[in-house]
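This briefing sets out what can be read from the model shown below.

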Amino acid sequence: MGNGNDQAASLRNMQSDENKKFDMQSKKAISCISVASGKGGVGKTFISVNLAIAFGLMNRRVLLVDADLGLANADIILGVHPEYSMQDAIFKGKSLTEITVRTEYGIDLISASSGSREMVSMGAARMGIFIKDLISFASEYDVLIFDCAAGIDSNVTSFIAAAPQCAIIANPQPTSIMDVYALSKLIHQDNLTENTGLIVNMVSDDNEGMKVARTLNFVSERYLSKSMELLGVIPYSPNVERAMHSRKPMIIKYEDDIVSDRIKKTAKGILQRQTALTSIGNINTDKLVNGFLNI
Ligand SMILES: Nc1ncnc2c1ncn2[C@@H]1O[C@H](COP(=O)(O)OP(=O)(O)OP(=O)(O)O)[C@@H](O)[C@H]1O
Ligand SMILES: [Mg+2]
């Protein structure tokens, strides 16, 4: 056993090791993407999960966070049964490692159990600690994806504000197009995030997808003075439903389907553009706290 001086010195070393670790973590580069939409049921969860796997196939370590606190269902698409959720980490002292589900597709999932709006009742300070832990835990990964709830509630916009890249999902229906415009207007007016891109999903053919993209880009340039970058066009495919029933992700079960091909191309494009790239220390944890607390 050492004397008092030795102990003080080793404590100092430990502290400086911790500081070094923290500095390294906060500088760690990571791609952080929020997946959002104005209208519900347009394919956010489907695209989040399959994009996550596509990044995984490109040898990226991916953490998918189910940020839809009302209806969590990324686990269903991934065919996993999480034993614990975020609530267990916040209220029951479970560690982030314990609540993270490893999937056979090489990506990890943190789920929020359905009906978790009770989290709202917890204090911001406690949530703040959890979020800081979550982000420092995310430094082990290359890509962090938030699968958001539909709409423009403040909890959704908080997740968008925390990530440098937002992927807005649109469908060809006029109501979806209107809702995408409403969401992107809010994003630009409140300066929520630097990069807002569009993924048009469930199109009958590329012409339809390009038409939606052109319309949205036109109104965005005209009324928001900002162009809306197209991240991907994904057709409708009956195989999506089949994959869902088999509890296997689309891009694994039907790897030759055009939908799978497009999702992989979209993932590749996002990494190439580098617009989602940030450092761990730049992820807006305060905004995330608001998102989880629904304020
Ligand atoms: N390209 C596609 N082709 C066929 N079906 C699709 C496609 N994309 C999504 N779907 C189906 O559409 C439905 C809604 O998808 P999903 O749950 O991902 O939407 P969401 O935007 O996450 O919904 P919510 O707003 O409720 O969170 C699901 O049944 C899904 O399998
Ligand atoms: Mg969803």
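What percentage of the contacts in the protein with a separation of 6 or more is accounted for by residues 24 or more positions apart? The share is 79%, where two residues are in contact if their C-beta atoms, placed from the backbone, lie within 7 Å. The model is predicted: local features need pLDDT of at least 70, side-chain atom pairs count only at pLDDT 80 or more, and totals for chains, interfaces and linings use all residues. Residues are numbered from 1 along each chain as its sequence is written, while chains are lettered from A and ligands numbered from 1 in the order in which they are written.

**Overall composition**

- The protein contains 13 helices and nine strands; helices (H or I, at least four residues) and strands (E, at least two) are DSSP runs, numbered from the N terminus.
- Of its 295 residues, 48% count as buried. A residue is buried if 20 or more other C-beta atoms, placed from the backbone, lie within 10 Å of its own, exposed if 12 or fewer, and partly exposed in between.

- Ala, Val, Leu, Ile, Met, Phe, Trp, Tyr, Cys and Pro count as nonpolar, Asp, Glu, Lys and Arg as charged, and the others, Gly among them, as polar.

**Strand 1**

- V35 lies in strand 1 and counts as buried, with 29 C-beta neighbours inside 10 Å.
- The C-alpha atoms of V35 and T45 are 8.2 Å apart in space, and the two are 10 residues apart in sequence.
- Not counting residues up to four places away in sequence, the residues that V35 touches include K44, I47, S48, I145 and F146.
- S31 also belongs to strand 1 (residues 29-36), and S31 is buried because 23 other C-beta atoms lie within 10 Å.
- A separation of 8.3 Å lies between the C-alpha atoms of S31 and I145, which are 114 residues apart along the chain.
- Beyond its neighbours within four places in sequence, S31 is in contact with D142, V143, L271, A276 and L277.

**Strand 4 and its partners**

- Strand 4 (residues 107-110) is covered on both faces, with I107 and L109 buried on one side and D108 and I110 buried on the other.
- Strand 2 (residues 62-67) runs parallel to strand 4 and is joined to it by four bridges; two strands pair if DSSP finds at least two bridges between them. In this pairing V65 stands opposite I110.
- Strand 3 (residues 100-102) pairs with strand 4 in the antiparallel sense over three bridges, and R102 stands opposite D108.
- Four residues separate strand 3 and strand 4 in their hairpin, where G106 takes a positive phi near 80°.

**Helix packing**

- Helix 8 (residues 174-189) and helix 9 (residues 206-224) pack at an angle of about 35°, with their axes 11 Å apart. Axes are lines fitted to C-alpha atoms, for helices over the stretch in contact, and angles run from 0 to 180 degrees between N-to-C directions.
- Residues making this contact include I177, V180 and Y181 of helix 8 and V212, T215 and L216 of helix 9.
- The contact of helix 8 with helix 9 has seven nonpolar, four polar and one charged residues.
- In helix 13 (residues 285-293) the buried residues are L288, V289, N290, G291, F292 and L293, and these pack against strand 2, helix 6 (124-138) and helix 7 (154-162).

- Most residues other than glycine have a negative phi.
- R247 has a positive phi near 60° and is placed in the loop between helix 10 and helix 11 (250-253). R247 is exposed, with 12 other C-beta atoms within 10 Å.
- Q274 has a positive phi near 65° and sits in the loop between helix 12 (258-273) and strand 9 (277-279). Q274 is partly exposed, with 13 other C-beta atoms within 10 Å.
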